[in-house]
Amino acid sequence: MRTLHWLTGLTRRRPLELLVAAVSIALAIAFVASLGAFLHQSRAALTVRATASVPVDWQVQVTAQGSPAAVAGTVGRLRDLWAMEQVSYAHVSSFASHGAGGTRQTGSGYVVGISPSYAATFPGELRHLLGATSGSMLFQQTAANLAAAPGDRISVRTPSGAHPVTVDGVVDLPAEDSFFQVVGLAPGAGASAPPDNVLLVAPAVFAAVTRGTTVVHQLHVGFRHATLPTDPHTAALAIQGRANHFQAAVAGGALVGDNLGTALTAAGEDARYAELLFLLLGLPGLALASVVAALVVALRSDRRRREVALLRLRGASVADIVRIVAGEAALIAALGTALGLPLALLAIRLALPASTPLPWGWALAATAGGTVLALVTQAEPVARLACARDESSVAAEAARAPRKRTPWPLRAGLDIILLAGAAIAFTLTARSGYQVVLAPEGIAQTQVNYAALAGPALAWPGLALLVWRITDAVVGRRTGRWSRGGPGTAPELEAAALRQRRRLIARGAVGLSVALGLAVSTAVFTSTYRAQSRVDVALTVGSDVAVVEPPGATVGPDAARALTRVPGVRSVEPLQHRFAYVGPDLQDLYGVQPSTFGNVTALQDAFVPGSTVARTLAVLRSTPDGVLLSAETLHDYQLHRGDLIRLRLQTGRDHAYRAVPFHVIGQVTEWPTAPKDSFIVGNADYVARTTGSNAVSTFLISSGTPAATAAALRSTLRAAGSAAQVRDISSPGAAVTSASGLASTDLTGLSRLILGFSVPLALACSGLALLGGIIERRRALVLLAALGATARQRGRFLTTEARAMVVSGMLGGALTGTLVAYLLVKVLNGIFDPPPASPSIPWSYLMALVVLVGTVTASIVAGVGRLAARAGPSELRDL
Amino acid sequence: MNDSDERPLVQATSVGVSYGQTDILHGVALTVCPGAHVAVMGRSGSGKTTLLLTLAGLLAPSSGTVTWPGLSPDVRRRRGEIGMIFQAPSLMPELTALQNTTLPLRLRGVGVEEARDSSLVALAAIGAADLADALPAQLSGGQQQRVAIARALAGRHRLVLADEPTGALDRARARQVALALRDAVAATGGGLVLATHDPALAEMFDEHLTVLDGDLTLGRTA
């Protein structure tokens, strides 16, 4: 009953206090819930992207013990089965063509039997390039090797003889690696280079041309994905479980090439990065939200102590006090939830992709967290008072002045210990190559190297305590000797007041520095990610615009001249693309003009480890037979700078591979249009001379208006009858996901959430700390007014304090934000592709933040300070 | 004495003060001249504090007028010429006793050294020199009140308004402090208005007024 009376009184008499406390809890609840929605959404998006990226979910290979019909029957009974196609593979000796230039013969290859409906059922496996869309279709590289086009006749050579086939079309196999995978081996254990020579034929033709050869039968299977769990880990486990069940059911009659499970497992690895972002950016935000809630409660902690003391002195038991505090906390938590969940929905709608739900689990967790936060912040100021045993203890505790002693963490040097620990942890992480998400061989599940998070995790509290220590030390040494004052000012007294209040100032400065640190680190991280995404897109496309010649085209570098005349084109750079064998490995080789290549594309020094782009291109220019190789190739083949390497390149005349000598001049990690794994960069002139072909694969074009220039180029090329494709960096197709698989929309959503919450939290920290200080000093301000102090003189006492707090908080925030951003960019290196040379600083955002915090602080000091010093009769009588 | 010294320090004419619907003072007329030492007596809640706050210019009257002919016409400067001692010890909690005592002087533009010397003299006058470096939280209620009185003394105000300043002191200490206050004001030729419950303390003053139910009457009530 007493609790009910208390709560009713609180609601009636102090609704504003109640509301402010509830808003602080609501911020924490909304922050947790919306971060939870981000995690849920990013996982679900990864699952959707992973499933969409797989052209064929399963490749079920019939073993010698099984029969295609029996296996197909078992597959047909699988849950969520959507499609099934039989595919037959036969290894053949070679393919040959007979043209005007003589007979051309390839190495060994595959004849693949597919039904006419296969391309429609699994459109991701085949990309039609030339001729008919069904019938006998030649793989584009094979077509180039044989110089064969639709309508030409080729022969398939098998042990039983040569079988003629008429080419109906030319296709590309975008998922060639998985299409020709070795089924039955653990993912990654049986990787083999896909064949260069492939002929796809109808089942009847397949039977005719592969007589006498060993045939492998596969069933390509597609599932409906709607019923899969949204979490990629769980979805991968479900699919792998289904595969195991199937293999047990066919009792050795078939093996499953689980493309879907592999993709989902990889997506699960990517999801780890989302979790890491949540941990590294979300948890400090949650701590900050707790600080704000504690600050709000601290605003009235003195009065609450007096009120609880009065209750105790009037006979309330400890149980009564516990019920009252719990009741207050429950009321605040309920109000906080009522405000926080709609706020979370609003934040989700504004920051995250449309239709992102608020998962009920996260809503519950946020509500529970908010309730605990309300309980802790409400109970903490009165805990000792509530437990005091006798009246004198109650009175002593109620009258207790705020502690002036240095807090124990600073006395114990905890800040130094934490920062030293962070430095050690970071150094160890750096030595391991910033491997945070691990995929150990032989283990299906990815693992997070949580020890790598120790650096940022220790740095946050270490830096917060360091800001406290520095603020305390600097403010504690203020004498006012150097302050500008004039007649009627008392800088030495202002400084004396400041010294006495340094603990409160340090507390506010710590809150502000954490809030600003969070905003700064998130902004720098996001800005760096965006910058690298742009670099990634530019690398994928090659330049602002790229004109990609069709396979087999023999357009020379002179064609660039015509392209320069198209409106919007600044400069054009031809880029050769060849395939070259390094030992048995087929790698992409790019031929460039080193003197002009930098004009059209932004190369970064990070692409050439141990050197600079300018120096590397200069060496390439002066070494005609020089090549840049990937780290993997240099390592695997024990190659060093200056070593001679013989690469087998296809000649332009007979398309046969012949060895061409090169000299290794350095290492390269990224190159425009190059794949992410191994590739080679050399001099275009040397490649043209040694292969007898100066054919250009791509013209890279710099332009200030990529989209318009691309449109103009398309129209020009169409008019000229060219089949070249035009891509530009602004086209949706050019958008890429990060190396981690997190799309830029995911990170944009997360950064919007964190920046959206950290700004009001930063303002709340500085505002509430100052407001608390002003309220606490209200009597002193009224006294100053009564002693004849003008508004300006009173204001100086407040502005000195506000300035000390805001300057410390801002400097601390800059220090914290910069260091944490550096740690984040390094530790989450796997998210970036390519890794950034240095973090990008979003100056305009940071300046706006500084101005905003400064303006709000000044407004609070000016407005509330003036109001606080306005003395009514009751304030004057209280003096 | 020049002409300005002859003029009343404060003059209240038909002053009425109301807090909401409650009338605290009505029709009060009072003139305090330089050198006048006035004791105001009355029960708790009779309006003594309100009268002093009104005379200090800190509270605007609901009716009537309060003027300060012998003090500066400029509000800011006048505030510095009026010293106010409040009923409860009113010190800046983050300043030491000495710093609290120098505060009004420094706000008036007095130099650091001069303010410090005057404050030390004032603290010594009321036997609080040894409290100079203590923070208010380290002082008892009585000690705090003595520091507040020293602050009023150090200010060399032309008009000192003291609201039951010795309420927190024992009788002997109260008498010593009241005498020090009276003598310090007398030395400057200023006026002193002191509200008190204590008839013995009131005896030390030349004029006695009593506030009774919002009215001011000359002399002491029975």
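## Terms and model

Two residues are in contact when heavy atoms lie within 4.5 Å; helices (H or I, at least four residues) and strands (E, at least two) are DSSP runs numbered from the N terminus. The model is predicted, so local features need pLDDT of at least 70 and side-chain atom pairs pLDDT 80 or more, whereas totals for chains, interfaces and linings use all residues. Residues are numbered from 1 along each chain, chains are lettered from A and ligands numbered from 1 in written order, and side-chain values use heavy atoms, without hydrogens and water.

## Interface of chains A and B

Chain B contributes 27 residues to the contact and chain A contributes 28 residues. Between them about 2500 Å² is buried (accessible area, 1.4 Å probe, lost on being put together and summed over both), with 68% of this area coming from carbon and sulfur atoms. B:Glu94, B:Arg106 and B:Leu107 provide 25% of what chain B buries against chain A, more than any other three residues.

One salt bridge (a side-chain nitrogen of Lys or Arg within 4 Å of a carboxyl oxygen of Asp or Glu) is found across this interface. B:Arg106 pairs there with A:Glu492, their closest N and O atoms being 2.6 Å apart. On the side of chain B that touches chain A, helices H2 (48–55), H3 (75–81) and H4 (97–107) of chain B each supply at least two residues. H4(B) gives the most, with five residues. By class, this side of chain B holds 15 nonpolar, seven polar and five charged residues, with Gly counted as polar.

## A helix pair in chain B

Helix H6 (residues 141–154) and helix H7 (residues 171–188) of chain B have axes, fitted to C-alpha atoms over the stretch in contact, that come within 10 Å and cross at roughly 10°. H6(B) is therefore roughly parallel to H7(B) (angles under 35 degrees, on a scale from 0 to 180 between N-to-C directions).

From H6(B), B:Arg146, B:Ile149 and B:Leu153 meet B:Arg173, B:Val177, B:Ala180, B:Leu181 and B:Ala184 of H7(B). Six nonpolar, no polar and two charged residues make up this contact.

## Salt bridges in the whole structure

Over all chains, the search finds 14 salt bridges. One of them joins A:Arg242 to A:Asp80, with the closest N and O atoms 3.6 Å apart. A:Arg242 lies in helix H8 (residues 232–249) of chain A and A:Asp80 in the loop between helix H3 (68–76) and strand E2 (81–92) of chain A, so this pair ties together parts 162 residues apart in sequence.

How values were computed. Buried area is the accessible area (1.4 Å probe) that two parts lose on being put together, summed over both. Angles under 35 degrees count as roughly parallel, over 145 as roughly antiparallel, 65 to 115 as roughly perpendicular and the rest as oblique.
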